[in-house]
Amino acid sequence: MMAGQGHPALPSIFLLLVLVGVIAEAQGSGYLSRFRLRSRLQRDRNMRNVRPNIILILTDDQDIELGSMQAMNKTRNIMEKGGTHFSNAFSTTPMCCPSRSSILTGKYVHNHHTYTNNENCSSPSWQAHHEPHTFAVHLNNSGYRTAFFGKYLNEYNGSYVPPGWKEWVALVKNSRFYNYTLCRNGVREKHSSNYPKDYLTDIITNNSIEYFRLSKRMFPHRPVLMVLSHVAPHGPEDSAPQYSAAFPNASQHITPSYNYAPNPDKHWILRYTGPMKPVHMQFTNMLQRRRMQTLLSVDDSVEKVYNMLVETGELDNTYIIYTSDHGYHIGQFGLVKGKSMPYEFDIRVPFYIRGPNVDQGVTNPHIVLNIDLAPTLLEMAGVDIPAEIDGKSILKLLATDRPINRFQLNKKGKTWRDSFLVERGKPPHKRADGKEMAQEENFLPKYQRVKDLCQKAEYQTSCQQPGQKWQCVEDPTGKLRLYKCKGMASMFAPRMQALMASSPSTLSVVSNFDDCNCGNAGVKPSALKKKRLLNKKKIKSSKAETRKRWARSVSFELDGDLYAVDLEEGYRPLGSSNSSWTKDRWRGTGVGDDGEEFSGMGVAAKPTTRDKLTPPAALKVTYRCSILMNDTVKCDGGLYKSLQAWKDHKLHIEHEIETLQTKIKNLREVKGHLKKVRPEECQCNTPSYLLKNKEAYLLSVEQMDSLREPSKQKTLWLQKEQKRRKKLRKFLKRLQNNDTCSMPGLTCFTHDNHHWQTAPFWTMGPFCACTSANNNTYWCLRTINDTHNFLFCEFATGFMEYFDLSTDPYQLINAVSTLDRNALNSMHQQLMALRSCKGHKQCNPEKGGKERNHFSEYRPVHRRKRPKTKKPSSKSLGQIWEGWVG
């Protein structure tokens, strides 16, 4: 009976437990309801496994400072009004191939080692070490369908498809609009000059749209990454036929720095070049017009891609980025055209982005770089960013829907970089111990350094003191300048003085021994050592003398014996100065009494007295030209009157140079051979067991060298031979075309009526312009924050430039002389840290608190607005840098 009474109690207990569980579940769901509501969009996206598409549109040589975007109304309407414009976007290297390598890898030039458009550009080293780690490889591995269309790298030869790309339609070599070759998925495809079929801008646009549509039909749930790398507005600036009459009065390139020349306060190229000629100015107007015409086709391309995204329903799930590899200059500082300069017109680039969670119609003043593209694309795709990438993702500058933690009301704002590195050119040469050549420690301006040196007595005489190498001269403008003592003073170098003051025994011929004679074993070691040192001193002195131009054949006397310094034979005794043999010998050398000439290097000199060294009257360089005592070149009158004689003699000089270079190469090979077969010194008193160990060690070393040296030497020889032949071919081609456009150390270009094959045509005839140099190496610190806006540059030559863009936005005046030493040292330290940085942590130093370097007053605006900066006067420049940590 009691059992029967217990049955009704069990359901009631069970019902109570169920009720308690329901209440607890309701309380839990209420606790999490806010979080679930807030993350609903992200949860739905993860459930559907939908990731955004990414389209990168890249132009070639497009500026932002010279008004190129004014030609692209469709692009500005789509990208600027529909997205965010970064007003402070820069390229870290204003050169095509280095900048594109940085875009692909997210690294500075000093980390991917593509220094110029030729140096390591698409080289085997690049293909082995950096190409397998581009952003395309990472996105392809994560499931993206990757595609590339257009210009890749300047030296890409089309023999392979780089890793990471499923669709590959790339231009072989440098930019062209017609008559080019494409590598389409490994197969070469040649194009001619038929606009509907061959205009490259349209080919890139149509192929990319077809690929995107096909991908979405076949793989609707897989995201797409596309790179549209246009060649516009790069030369040869061929526009589409329908745009050949556009912009007849283009003048956006005429800025305050246009034809601002000469520039004696800037680096050597701008000091070397002067103002443009009228034909150059006409050319810049035509060039600006043609460049903007080519951009009209790119403007159409952006609109077509946008319409395709709207039609496929993928616009809201696609990031579009529009930018350029670097800027450009047209007439600025008298430079007719080009890039590669560290100034605003070459390093500033257009940068627009639109897509999910990106504000529309906003101008963002934060600094973004070309090295930021790779990490940004990786974060967009949800891929981990490797630590070795130097750039940073800019998504945190764009996100607007991230939840705010109400418990962190005092959280600091976004921190971002305020400085970055601009670098161009090869690194400094390394010494034998592996260390770089020391940078110049004197950070005073050049005129101040010259003024300090001119205070020394050794620079105040006119090349009269023995051993004087420099003299200080005041030019007509009142500036002090240092000039090198050439000609006569170089013959009295300190090493020559030491030889003339030494005993003639040091110049005597040393006897050679065929066999090791140990008969003099009892001689003191100190005497043997002294004799060896004297012999070595003689050899080193003669070797150093042959390197001097004016000391290649110089006669001097020592105790009645006449000696000559000769490039080929070194020092040789010629006999007594009173002997008739000496007089006859010197009559037959150089230019004799009868005026007979000869080709080659030589001097005309007469027998000298015993106590005085008489310098030569002239140095015979070629059979028609000589260098006189006053360091001027004098040739016979025929070279100054006949163009054909001038060309023939110039070709003769090139031939002589080639002959001497070949002779030097052969001499170096003989020198290397002599080093290998050097006889061993006498080992008369050395124990036998030490000799055996030494022989065994030398044998093992020789075996290892025999395996290493041949292949390495052969490779180096082949590289040098290829460069020599290439240089010779260019020289011969210039001779055939009667091309005399060249200046020492500068890269020149010629332009004529046949250069442009499409309208509008150039009709003002040929001209020459030299505006850049392959060896112009520099490193610059560019800083923009609440209080500073400057550019500080150090050139490989030791020259420095500083521009305060708050007061001098067009960089007209080099103000480095207004800064004190502490300011220069601080900037130098920060610049040196960036030059050696690796990874985003080292390359993007950030500060917090009062010193944080973000724009605290940043608000979204609907027009381009640079950050507000104080305008310090020249008197307060010294105080700006107090407490600043470089």
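Which residue does R100 meet in a salt bridge, side chain to side chain? In this model, which is a predicted one, the partner is D325, and the separation from N to O is 3.3 Å. The pair links distant parts of the chain, since R100 sits in helix α5 and D325 in the loop between β8 (318–324) and α13 (344–347), 225 residues apart. Both R100 and D325 are buried, and for R100 the relative accessibility is 3%.

R100 also has a salt bridge to D60, at 3.7 Å from N to O. D60 belongs to the loop between β1 (53–59) and α4 (73–80), while R100 is in helix α5 (residues 96–105), so this pair ties together parts that are 40 residues apart in sequence. D60 counts as buried as well, because its relative accessibility is 0%.

Another salt bridge to look at joins R782 and E344, whose closest N and O atoms are 2.9 Å apart. Here R782 comes from strand β23 (residues 778–784) and E344 from helix α13, so parts of the chain 438 residues apart in sequence are tied together. R782 is buried at 0% relative accessibility, and E344 is buried too, with a relative accessible area of 3%. Coming back to R100, salt bridges that share partners join D60, R100, K151 and D325 into one network. The total for the protein is 20 salt bridges.

Among contacts with a separation of 6 or more, 67% are between residues 24 or more positions apart.

Let me turn to the surface. R668, K671, K675 and K720 gather there in a patch of positive charge, and helix α20 (residues 643–676) gives the largest share of that patch, three residues. K675, which lies in helix α20, is exposed, with a relative accessible area of 62%.

H649 is found in helix α20 too, but H649 counts as buried because its relative accessibility is 4%. Once neighbours within four places in sequence are set aside, H649 is in contact with T622, Y623, R624, C625 and L639.

Finally, there is a nonpolar surface patch formed by L651, L728 and L732, which together have about 220 Å² of accessible area. L728 lies in helix α21 (residues 688–736) and is partly exposed, at a relative accessible area of 31%.

Terms used:
Residues are numbered from 1 along each chain as its sequence is written. This is a predicted model: local features need pLDDT of at least 70, side-chain atom pairs count only at pLDDT 80 or more; totals for chains, interfaces and linings use all residues. Side-chain values use heavy atoms; hydrogens and water are left out. Patches are made of residues with over 30% relative accessible area and no salt bridge: like charges are joined within 9 Å, nonpolar side chains (Val, Leu, Ile, Met, Phe, Trp, Tyr) within 5 Å. Accessible areas come from the Shrake-Rupley method with a 1.4 Å probe; for residues, only the protein chains shown count as cover. A salt bridge is a side-chain nitrogen of Lys or Arg within 4 Å of a carboxyl oxygen of Asp or Glu. Lys and Arg count as positive and Asp and Glu as negative; His and the chain ends are not counted. The place of a charge is taken as NZ of Lys, CZ of Arg, CG of Asp or CD of Glu. Helices (H or I, at least four residues) and strands (E, at least two) are DSSP runs, numbered from the N terminus. Buried means under 20% relative accessible area, exposed over 50%, partly exposed in between (1.4 Å probe, protein chains only). Contact means heavy atoms within 4.5 Å.
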